Amino acid sequence: MALKTDTNFLDVLIVGAGFSGLYLLHRLRCNGFDVQIVEAAPEVGGTWYHNRYPGLRCDVESLEYQYSWSHELRSKWRWSERYAKQSEILAYAKWVADTLELRDDILLNTRIRQAKWQEDKKKWLAITDSDAEVSARHIVFATGALTVPRMPSISGINKFHGDLLHSAAWPEQPVDFQGKRVGLVGTGSSGVQIATAIASEAGTLQIFQRSPAYSLPARNRPLSDSDYENFLSHLEEFDALAMRHRGGVVCPLPENGVLGVTQEEREKHLFQRWQHGGAFAFTSSFNDIQTSETANAPVAEFLRARIREAVKDPDIAEKLCPDYFYGTRRTCVDTGYYEIFNQNHVQLVDVSQNAITEVTENGLRLESGEEFDLDILIMATGYDALTGGFLAVDVTGRDGLTNQEAWADGPATLLGLMISGFPNLFMMAGPGSPSVLTNVIRSIEYHVDWLTRCFEDLRAAGLAVIEPSEEAQADWVSHVNDVASKTLFTKTPSWYCGSDIPGKPKLFMPYAGGLPAYREKAEEAALHGYRGFRRGK
Ligand code: NAP
């Protein structure tokens, strides 16, 4: 399809055809808005299109990592496993686009490189990578929180003569690891999954670990007919649980704090949750894990004990044991990760005190001078998280204010939805909203519903413009910081705080108060005439 042009200017231009863009397109179209998605990739699916490394699965259960807004979609699509593979999630995104007949309003293979607010016309002018222009009353960045891959700035990175891969920019053709000397840098969610998937194939696998991750067993398994019967006959109950849970997952709320039970009760309960599998259920074992250092300590120790049980060599096990508070970085979910270190051809290389200083023609060199010869080097080094996707576009708001200037000291938003100085510009699951701390599908669904109502209310009131006031935005930023400071999140450097990227402002970016509290605040604002937002003609 072609780009809709100025003569037929849009009510809403959506940037990105991931889960948020697709649902927003559907809702707005159903409500009579003229809307179009522009997507850089050749296919819908967002992160699930771009990410395709071996072993990639979602760390949220498949029955929950799907749209909940449509009974029809939920009852027609069938997931094969408790945790879906990337290929199945991508197939689901494509199926949704086809089933809802969304493709007519999605322009693929086109990147928005620039967007400018036109104060006189009260609309956005967006420019694509082929210099085509599109005008829209509103622009929505549905560009995702984990979009821009981060290659570490290690000297010589382009010298390597073997295959250099990044977890988030994986080639479409399968990579042959058979008998190869493989080096893997990074042990976050991507590194843990890649290592587990390729260990049996690689000739040697050297895993360069700067910080160990807490990784919990997924206990993945095929979903049976009876799983589906149970799911479809209890949808209301499941949704009610997800609505109440701070992470938007189907999990009972914790009744007790770690400090309110005996040691025996604590160990028993933690063990049950660990046996159950997955990260959200385990983190929800007790209500004080993420707020009290004293409560967190035995939980972290419980997990270190599991690592020591799984890994035969005690020195390696110790190196794999994290020493930071459990849950303050995204917990990994795996199937047999720790066990790969019992294989002779898998080596853990601790680079926490002995950094990688250089990529050479043949492999890697450490600070100590030690060298590792490799055929394939994989960088599972993450993303420019939460801000990267938005800042990659050259955006100019009112009075020439750019997005780079507005966020020079870190992302400032009202409710993670809008930015002062950028009228009619919205973000989905942006910084300042719970997004990456939740089952992001539930966060997305709420944002789509909020935005749809916001556009309907503007239309009904005959208004064309909405923008947060500076005061309301400053209050929200301060509230986000205040909530985070009452948790343990701020005590651990992580991509949530921008700590992984030199020069990136260091502040905790997501809203740590949980999805129900966030929803309450966003509802309050909307129901009180969009309190904190200025609306006008
Ligand atoms: P990540 O969590 O940011 O991990 C990056 C890893 O690279 C870290 O271990 C980091 O070490 C290491 N690293 C970076 N630069 C390095 C250097 N110069 N030398 C040595 N090590 C270096 O990235 P990710 O694993 O791609 O995951 C990002 C997020 O994406 C996850 O937290 C999750 O939210 C999402 N994700 C989800 C899934 C899933 O659903 N299963 C899968 C993949 C990703 P330090 O920790 O010391 O900085």
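1. How many bridges pair strand 13 and strand 14 in the antiparallel sense? Three bridges join strand 13 to strand 14 (residues 363–366). Strands are DSSP E runs of at least two residues, and helices are H or I runs of at least four, both numbered from the N terminus. Pairing requires at least two DSSP bridges between the strands. E358 has R365 of strand 14 as its bridge partner.

2. This is a predicted model, with local features needing pLDDT of at least 70 and side-chain atom pairs pLDDT 80 or more, while totals for chains, interfaces and linings use all residues. Residues are numbered from 1 along each chain, and side-chain values use heavy atoms, without hydrogens or water.

3. The open sheet runs in the order 13-14-15, with antiparallel pairing. Strand 13 (356–359) and strand 15 (371–373) are at the edges with a single partner strand each, so one side of each has no neighbour in the sheet.

4. Helix 1 covers residues 19–30 and spans 17 Å from first C-alpha to last. Nine of its twelve residues are buried (under 20% relative accessible area, 1.4 Å probe, protein chains only). Among them are F19, L22 and H26. Just after helix 1, G32 has a positive phi of about 80°.

5. The largest nonpolar core has 135 residues. Such a core is a set of buried Ala, Val, Leu, Ile, Met, Phe, Trp, Tyr and Cys residues joined through side-chain atoms within 4.5 Å. Helix 14 (residues 440–461) gives the largest share, nine residues. F19, L22 and W450 are among the residues with the most contacts inside this core.

6. Beyond four places in sequence, W450 is in contact (heavy atoms within 4.5 Å) with residues including L417, F426 and Y530. A second, separate core of 25 residues includes V38 and F422.

How values were computed:
The expected span of a helix is 1.5 Å times one less than its number of residues. Buried means under 20% relative accessible area, exposed over 50%, partly exposed in between (1.4 Å probe, protein chains only).
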